[in-house]
Amino acid sequence: MIRRARKGERRALGQLWRAFHAPVLRYLRSLGVADADDVASDVWESVASSMKRFDGGPDDFRRWLFTIARRRMIDDFRRRGRRIEDPVENVPEVPRSPDVAPGRAWADAIELVRRLPPQQAEVVVLRVLGGFSVEETAQLTDRSPGAVRVMTHRALRTLRDQISADQGILTGA
């Protein structure tokens with residue numbers, strides 16, 4: 001599919017879009033991009049115009065795609081006068097519906113991530129939503145693998161503590 005997209009086959013590019021658009025959009029939304037749909041469109045425009053120069057396999061493509069998404073996100077924050085240090089401040093609310101468990105789980109997860117320090121939120125989103133390894137996350141965020149591990153560990157500990165505190169409130173403990 002990637003090889004065909006590099007040759008300019010629109011159908012192959014459409015297949016890549018269908019496979020990767022939702023994760024890119026979740027990444028952008030969960031990090032507070034105000035108009036994630038527009039930024040995602042910019043990402044795919046860049047992908048389409050640069051695809052012929054891309055060289056690599058599926059994992060390389062995923063890393064390349066999320067690198068473009070991160071750069072477009074930073075560009076968007078700069079245009080809006082916001083800084084990357086506060087990426088989860090304005091994540092849009094996801095409607096909760098008792099009939100749709102995945103949507104509710106998504107809303108609950110976003111609410112928890114929203115409470116994390118911004119840099120921790122970014123590495124958690126890349127690791128969990130993006131499915132990137134520690135090394136890939138380090139590369140995407142210009143951090144060392146050690147820093148990513150530490151931030152991930154601290155974020156998970158914070159999330160665990162927050163979930164425990166929330167459960168205590170619910171049970172009256």
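Guide: In this predicted model, ring pairs join Phe20, Phe54, Phe61 and Trp64 into a cluster. A search of the whole structure finds six aromatic pairs. In one of them, the planes of Phe54 and Phe61 stand at 90° with ring centres 5.7 Å apart; planes over 60 degrees apart count as edge-to-face, so this pair is edge-to-face. The rings of Phe61 and Trp64 have centres 5.8 Å apart and planes at 55°, which lies between the cut-offs of 30 and 60 degrees, and the pair is therefore tilted. Phe61 and Trp64 are three residues apart in helix α4, and are thus separated by about one helical turn.

The burial of these residues can be stated individually. Phe61 has a relative accessibility of 0% and counts as buried; Phe54 is likewise buried, at 7%. Trp64, at 21%, counts as partly exposed, because the buried class requires a value under 20%.

The helix itself gives the setting. Helix α4 spans residues 58–79, and its 22 residues reach 31 Å from first C-alpha to last, close to the expected 32 Å. Its buried residues include Phe61, Arg62, Leu65, Phe66 and Ile68, and the buried residues of α4 pack against α1, α2, α3, α6 and α7. Arg62 also places its charged end over the ring of Phe132, 4.4 Å from the ring centre. Just after α4, Gly81 adopts a positive phi of about 80°.

As to confidence, the chain averages a pLDDT of 82, while pLDDT stays under 50 over residues 83–100.

Notes: Residues are numbered from 1 along each chain as its sequence is written. This is a predicted model: local features need pLDDT of at least 70, side-chain atom pairs count only at pLDDT 80 or more; totals for chains, interfaces and linings use all residues. Side-chain values use heavy atoms; hydrogens and water are left out. pLDDT is the predictor's confidence in each residue, from 0 to 100. Contact means heavy atoms within 4.5 Å. Helices (H or I, at least four residues) and strands (E, at least two) are DSSP runs, numbered from the N terminus. The expected span of a helix is 1.5 Å times one less than its number of residues. Buried means under 20% relative accessible area, exposed over 50%, partly exposed in between (1.4 Å probe, protein chains only). Rings of Phe, Tyr and Trp (its six-membered ring) pair if their centres lie within 6.5 Å; planes under 30 degrees apart count as stacked, over 60 as edge-to-face and the rest as tilted. A charge sits over a ring if NZ of Lys or CZ of Arg is within 6 Å of the ring centre and within 35 degrees of the ring normal.
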